[in-house]
Amino acid sequence: QDQHGAVFLFGLMCFFVSSILVVWLLFNTRGSVIVTSCLSICLLWMYCKASKIAAVLLPKKQASGRFNFNRIANVGYLMGDASGSL
C-alpha cells in the first residue's frame, strides 16, 4: 500500500506540473503568475490535509504478533486432556 500511495502522489505532482507548464506556454505572464499561485495554494492545501489524515490514520506504534510471556509447552493441557496429548 505504501507503493500505491507513492505512485498516486507522483501522478498528482505530474498533473500539477503539467498544468502549470501549459499555463505558462499559453497565457501571458500576469495570467500565468495568477494561475500558478492558485495551483500552488491548492497543492499546499492538499498536502496539509493529507498530512493531517495520515497522522490520524497511521498507527503510532507497530504491533507484532509475538508473545513474550505465558508460553505453553503443550497445547493438550489447554484442551482438557490429562495426558497432554491430543
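1. Of the 86 residues in the chain, 10% count as buried, where buried means under 20% relative accessible area, exposed over 50% and partly exposed in between, with a 1.4 Å probe and protein chains only. This is a predicted model, in which local features need pLDDT of at least 70 and side-chain atom pairs count only at pLDDT 80 or more, while totals for chains, interfaces and linings use all residues. Residues are numbered from 1 along each chain as its sequence is written, and side-chain values use heavy atoms, with hydrogens and water left out.

2. The chain holds two helices and zero strands; these are DSSP runs numbered from the N terminus, with helices being H or I of at least four residues and strands E of at least two.

3. Ser-32 lies in helix α2, which covers residues 29-57, and it counts as buried because its relative accessibility is 0%. Leaving aside neighbours within four places in sequence, Ser-32 is in contact (heavy atoms within 4.5 Å) with Val-23, Trp-24 and Phe-27. The side chain of Ser-32 also reaches the backbone oxygen of Asn-28 at 2.8 Å.

4. Thr-36 is likewise found in helix α2, and with a relative accessibility of 18% it counts as buried. Apart from neighbours within four places in sequence, Thr-36 is in contact with Ile-20 and Trp-24. Between the side chains of Thr-36 and Trp-24 there is a polar contact at 2.8 Å, that is, a pair of N or O atoms within 3.5 Å, where within protein one must be able to donate a hydrogen and the other to accept it, and residues adjacent in sequence count only if both atoms are side-chain atoms.
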